[in-house]
Amino acid sequence: MKKSIILLSIFCLAYLYGDAQEMATQAPNGFDSLRNNISHGRIDTIRYQSGTVGTIRKALVYTPPGYSKKKKYPVLYLLHGIGGDEKEWLNGGSPQIILDNLYAEGQLVPMIVIMPNGRAMKDDRATGNIMAPDKVQAFATFEQDLLQDLIPFVEKQFPVFTDRENRAIAGLSMGGGQSLNFGLAHPDRFAWVGSFSAAPNTKMPELLVPDPALIKKQLKLLWISCGNDDNLISISKRMHDYLYENEVPHIYYLEPGGHDFKVWKNGLYMFSKFLFKPVSPKVFQHYTVSGSPAATNVRNARFPQVLPDNRVVFRLKAPQAKQVQVDLGRKYELSKDTGGYWIATTDSISEGFHYYSLLIDGVAVADPASETFYGMGRMAAGIEIPFSGGAYYAIKDVAHGDVRMKRYFSLVTNTWRRCFVYTPPGYDTSTSRRYPVLYLLHGGGEDERGWSTQGKTDLILDNLIAAQQAEQMLVVMMDGNVSTGGFNEMALRAFENELVNVVVPFVDKNYRTITNAAHRALAGLSMGGIQTLYAGVNHTDLFAYLGVFSSGWFGGQQPVAEQQYAYMQKSSGKINTDLKQFWIAMGGKEDIAYNNCQQMLKRFDEAGVKYKYSEYPGGHTWPVWRNNLYKFSQLLFR
């Protein structure tokens, strides 16, 4: 028994060690250097009749060390860029050396590699104007040459497997675009697809993958790699974003470098090690060297970077600092290198928008590499973390509305104030149409900018309206910070006065609104939720829809809360009749307002007040409130 346990332990350690070896995320030094003490494959030229082009065409073929016509091999079709031909990989990438070395290390399944000329035209040399329309078109024509002429020739002349699971396609730049265009269009022909620094010939992702479920089912591996200094990186990221959104397993591999063979050779090394052997999508997100600059970075800022598994890499220069931390919900210590740069990588961060601060020798400051947002009572850095369900606030090819800043004079505060107003697509041209209005309130430590920037209100509404899932409406985002005396009953009364007697009349006067309760809604998050409870419940003659996000009456406000509960007990019939929706949402049990809300709902139940309750996990954060707006706005004015 003891011996069996020891053997099992050794096996497990070997398994874990093997996994660790497989997790190497970059080619080692010397991976592309010729080794004379190992077996070598062979490079030959082949010629095939192309019915597509109407001529005899050339390609290079690499056969592995120990090649035998008595064995069958899988095939990798390896494509070049717009300025190359069938010899570009051979001249610039030394693929035979890379593959020979991998075979010697036992890391590669023996395969045949075909390097064709992807410019399918009679004069297929890379001469003259390589960007001429006929030459660019020839790269698209190669799809038929590959499928109808070259692949049948290879399968007739070489001992190869002819099923999709033993056929791969990959390429660099223009060839990377071809690999995605051809491979994703024909998953019945290719189970392995690799793109290194895809060029603009790459079709839009929704055209390449109209059926994500099919690609998810049929592809063994979809590899997308690029140098992080490549000017074409947006093509690869566009593809990654779409695949991530649609939960299609793939490897998105970024590394330091530009649009050159340093990147492409490493891409071939990494990609080829996966081919024609069992792979686990569970490890795909860990294969990267670099990350993508966060969408919230200022222009040209490389850091912070978001890795495919949503860990964040911070890097900043502060040579005189003694200690640097990042406060992103929890604090992370940064380490200083010899160049004065402080670096750290976080754990995986949850979806959506998060505030963060740099703590430099104990002083909280905004990251100069990040856009800043008014939150936490000051201007703070923020970071946007992508997630697969974020399509509802993504920028899409739909009609877009506007967010307008409006200034008005408040007789309540005797000052000039401002609000932001979202107008739906077509507002300026549909001059005879009137619209319902949602008044949307921010939380404590924020202001009227919160919902339009952190909340992405315009994109959420644009997408819902385009999908006919929400009515066209105006959204008024006012400043809820009306009183300077703290958040108490006086502040709530001042807010109520501002909303009812100043903002609503101002909006009705300056915009084409429908001026009745059935076409007005009031909603808010956290502090704005309490303001909604206070002003909305007392004015169901003005608002027929109320939304309370991550909020509830709390202990410090019990006197005003008790007055509210007493009013609701007495007026429950009127409230239930007047309100078309009383929608209350929380960010799960981790939401700091959760217990207050649950206690409040018990009082509502006792008073007989009807409501709908919803939870979306994530705590007291903007990802939760974006989702709340997404769901609540679909209930309005219908």
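## Salt bridge D428–R404

D428 and R404 form a salt bridge, with the closest N and O atoms 2.8 Å apart; the term stands for a side-chain nitrogen of Lys or Arg within 4 Å of a carboxyl oxygen of Asp or Glu. Because D428 lies in the loop between β21 and β22 and R404 in strand β20, the pair ties together parts that are 24 residues apart in sequence. Strands (E, at least two residues) and helices (H or I, at least four) are DSSP runs numbered from the N terminus. D428 counts as partly exposed at 48% relative accessibility, and R404 counts as partly exposed at 23%. Here buried means under 20% relative accessible area, exposed over 50%, and partly exposed in between (1.4 Å probe, protein chains only).

## Basis of the model

This is a predicted model, in which local features need pLDDT of at least 70 and side-chain atom pairs count only at pLDDT 80 or more, while totals for chains, interfaces and linings use all residues. Residues are numbered from 1 along each chain as its sequence is written, and side-chain values use heavy atoms, with hydrogens and water left out.

## Other salt bridges

The structure holds 29 salt bridges. One of them joins the side chains of D229 and R302 at 3.3 Å, N to O. This pair links distant parts of the chain, 73 residues apart: D229 is in the loop between β7 (221-227) and α8 (233-245), and R302 is in the loop between β9 (292-293) and β10 (305-306). D229 is partly exposed at 48% relative accessibility, and R302 is partly exposed with a relative accessible area of 32%.

R417 forms a salt bridge with D479, whose closest N and O atoms are 3.9 Å apart. R417 lies in strand β21 and D479 in the loop between β23 and α12 (489-510), so parts 62 residues apart in sequence are tied together. R417 and D479 are both buried.

## The eight-stranded sheet

Eight strands make an open sheet with mixed pairing, in the order β20-β21-β23-β22-β24-β25-β26-β27. Its edge strands, β20 (402-410) and β27 (612-615), each pair on one side only; two strands pair if DSSP finds at least two bridges between them. On average, neighbouring strands of this sheet are turned by 20 degrees against each other, direction ignored. Five bridges pair β24 (residues 520-525) with β25 (residues 545-549) in the parallel sense, and A523 stands opposite G547 in β25.

Helix α11 (residues 457-466) lies across β20, β21, β22 (437-441) and β23 (474-478), and runs at about 30 degrees to β21. Axes are lines fitted to C-alpha atoms, for helices over the stretch in contact (heavy atoms within 4.5 Å), and angles run from 0 to 180 degrees between N-to-C directions. Strand β21 (residues 415-423) also holds W416, which counts as exposed at 63% relative accessibility.

## Strand β3

Five of the five residues of strand β3 (residues 75-79) are buried, so the strand is largely enclosed by the rest of the structure. V75, Y77 and L79 point one way from β3, and L76 and L78 point the other way.

β3 runs parallel to β4 (residues 112-116), joined by three bridges, and V113 in β4 is the bridge partner of L76. β3 also pairs with β5 (residues 167-172) in the parallel sense, over five bridges; there V75 stands opposite R167.
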